Amino acid sequence: MRTKVAIIGSGPSGLLLGQLLTEAAIDNVVLDRVGKDYILGRVRAGVLEEGTVGLMDQAKSGAHMHAAGLPHHGFSLAFDGRDHRIDLYSLTGGKRVVVYGQTELTRDLMEHREASGALTVYDAANVTPHDFDGASPYLTYDKNGITHRLDCDFIAGCDGFHGASRKAVPQGAIRTFEKVYPFGWLGILADVAPVSHELIYANHPRGFALCSMRSETRSRYYIQCSLDEKVEDWSDARFWDELRWRLPENHAEAMVTAPSFAKSIAPLRSFVAEPIRFGRLFLVGDAAHIVPPTGAKGLNLAASDVFYLSNALIEFYGHRSEAGIDAYSQKALARVWKAVRFSWWMTTIMHRFPNTDDFGQRLQEAELDYLVQSPAASTSLAENYVGLPY
Ligand code: FAS
Ligand code: PHB
């Protein structure tokens with residue numbers, strides 16, 4: 001079998017890239033090691049930058065996002081027992097974010113891909129990139145007991161942090177940067193009205209908390225937890241009590257609870273691989289970088305990588321120019337590192353670190369005070385949160 005672009009991974013990166021290439025009449029095949037239901041069973045991101053919204057429209061997959069997504073013009077930082085609203089819309093000259101679950105976005109892309117007739121191979125085992133340092137790369141994979149070969153011009157490694165693509169790159173050709181945080185996020189979903197119509201990021205002596213949502217009837221809540229916590233040790237009652245402790249009184253009292261589902265603990269890390277182009281192989285999204293979810297950047301960085309790579313491939317097939325391909329790694333990583341910085345910074349000011357001394361704690365408090373009292377500081381937060389330009 002042959003295609004122009006072989007895409008490993010049917011998550012947001014792979015599906016969005018596949019749709020943009022299909023819209024540009026560039027043949028592509030997406031392969032994933034699991035099935036659709038497993039992918040749609042993962043609960044992850046919830047906030048889309050305008051750039052991501054625009055790419056969903058360009059992929060002709062944005063209708064449900066516009067119908068069900070919630071445009072948000074601001075969010076609150078809660079500390080010292082009260083809220084401090086960050087007015088994204090005013091501070092950025094009219095920009096906003098859209099609250100829409102990654103699960104729904106992935107489902108929209110899957111449905112539009114199916115309708116387009118483009119090929120997706122699910123349950124493809126042992127997907128392995130070959131000869132990507134030459135002009136005739138190919139993939140092999142196992143399915144139904146048979147080993148298949150897929151010849152292609154390019155391979156897009158959209159297979160996430162634990163995927164095969166980055167591992168296929170020779171050790172000496174890649175450099176990685178990593179920071180692991182000494183805590184995780186315990187998250188739940190509950191079919192109950194959110195405690196506030198906007199997101200609340202809370203810094204409390206007991207730890208960080210985040211009040212988010214998926215719709216006006218489905219809430220998404222997180223609390224910072226230690227890395228040795230186990231989901232089974234967290235009953236709903238214990239979770240709701242801890243969340244209330246960490247919020248200002250008005251929210252704690254107003255909170256409506258309901259049985260939770262999708263309760264899980266996610267570790268937090270910052271990770272970047274450099275470069276992210278190796279001959280005819282490109283790393284995209286979580287295969288190339290990971291950020292702590294505090295700044296809501298993970299999914300949105302996957303989208304900006306796809307923006308750069310899809311334009312580069314469209315330019316190659318349209319004008320036989322390799323300029324975009326040659327610039328992909330440098331352009332994508334320049335934006336990635338700014339988002340890595342922002343996500344690290346927001347994580348350091350909003351979480352309680354186990355070894356922070358009194359001096360460090362006062363610094364964090366001063367940073368928060370400065371942040372909400374200085375228009376310049378709030379503007380910097382706002383422009384990073386809505387998403388820096390591509
Ligand atoms: P993904 O990991 O989503 O998709 C990779 C795909 O490749 C998967 O379907 C996988 O099955 C497939 N794959 C892997 N190895 C393969 C192989 N060898 N062969 C074939 N297929 C293979 N971001 C936010 O912005 N906000 C959040 O709140 C947030 N929460 C998160 C919580 C968790 C637990 C995790 C893990 C991530 C979270 N993220 C969050 C980040 C997340 O949204 C990612 O940025 C996003 O999923 C990136 O999309 P992809 O790059 O497509 O990678
Ligand atoms: C979410 O709704 O899952 C979410 C929102 C904002 C974040 C992280 C996660 O910063």
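Reader: How many bridges join β12 to strand β19?
Author: There are 3 bridges between β12 and strand β19, residues 281–283. The two strands run parallel. This is a predicted model, by the way.

Reader: Which residue stands opposite L283 in β19?
Author: G157 stands opposite L283.

Reader: And which way do the residues of β12 point?
Author: Strand β12 covers residues 154–157. F154 and A156 point one way, and I155 and G157 point the other way. All of them are buried.

Reader: In what sense do strand β1 and β12 pair?
Author: In the parallel sense, over 4 bridges. Strand β1 is residues 5–8. I7 has A156 as its bridge partner in β12.

Reader: What about β1 and β2, how many bridges there?
Author: β1 and β2 are joined by 4 bridges and run parallel. I7 turns up again here: its bridge partner in β2 is V30.

Reader: Is V30 buried or exposed?
Author: V30 is buried. Strand β2, residues 28–31, is covered on both faces.

Reader: New topic. What is the order of strands in the open sheet of 3 strands?
Author: The order is β3-β7-β4, and the pairing is antiparallel. β3 (47–48) and β4 (70–72) are the edge strands, each pairing on one side only.

Reader: Over how many bridges do β4 and strand β7 pair?
Author: Over 3 bridges, in the antiparallel sense. Strand β7 is residues 97–99. For P71, the bridge partner in β7 is V98.

Reader: I also see strand β13. How many bridges join it to strand β17?
Author: 12 bridges, with the strands running antiparallel. Strand β13 takes in residues 175–190, and strand β17 takes in residues 260–274.

Reader: In what sense do β17 and strand β20 pair?
Author: Antiparallel, over 2 bridges. Strand β20 is residues 289–290. V272 stands opposite H289 there.

Reader: On to the ligands. Which residues come nearest to ligand 1?
Author: S13, D32, R44, Q102 and D286 come nearest, out of 28 residues around ligand 1.

Reader: How far is the polar side-chain atom of D32 from an oxygen atom of ligand 1?
Author: It lies 2.7 Å away. R44 also has a polar side-chain atom 2.9 Å from an oxygen atom of ligand 1. G298 uses its backbone instead: an N or O atom there lies 3.2 Å from an oxygen atom of ligand 1.

Reader: And how much of ligand 1 does the protein bury?
Author: The protein buries 86% of the 990 Å² that ligand 1 exposes when taken alone.

Reader: Which helices supply at least two residues of its shell?
Author: α1 (12–23) and α9 (298–319) each supply at least two residues of the shell around ligand 1.

Reader: How do the residues of the shell around ligand 1 divide?
Author: Into 13 nonpolar, 8 polar and 7 charged.

Reader: Now ligand 2. Which residues come nearest?
Author: Y201, S212, R214, Y222 and P293 come nearest, among 14 residues around ligand 2.

Reader: What lies 2.6 Å from an oxygen atom of ligand 2?
Author: An N or O atom in the side chain of S212. An N or O atom in the side chain of Y222 is also 2.6 Å from an oxygen atom of ligand 2. P293 has a backbone N or O atom 2.7 Å from an oxygen atom of ligand 2.

Reader: How much of the accessible area of ligand 2 does the protein cover?
Author: The protein covers 98% of the 290 Å² that ligand 2 has on its own.

Reader: Which elements give two or more residues to that shell?
Author: β15 (209–215) and β16 (218–225). The largest share comes from β15, with 3 residues.

Reader: What kinds of residues are in the shell around ligand 2?
Author: They divide into 8 nonpolar, 3 polar and 3 charged.

Reader: Last one. Which domains does that shell draw on?
Author: The shell around ligand 2 draws at least three residues from each of domain 1 (5–70 + 97–177 + 269–346) and domain 2 (181–267 + 353–386).

Key: Residues numbered from 1 in each chain as written. Chains lettered and ligands numbered in written order. Predicted model: local features only at pLDDT ≥ 70, side-chain atom pairs only at ≥ 80, totals over all residues. Heavy atoms only, no water. Near = heavy atom within 4 Å. Polar contact = N/O pair within 3.5 Å; in protein donor to acceptor, adjacent residues only side chain to side chain. Areas by Shrake-Rupley, 256 points an atom, 1.4 Å probe, with all protein chains shown as cover. Nonpolar A, V, L, I, M, F, W, Y, C, P; charged D, E, K, R; others polar. Domains from an automatic or database assignment. Buried < 20%, exposed > 50% of the residue type's maximum accessible area, 1.4 Å probe, protein only. Pairing = 2+ DSSP bridges.
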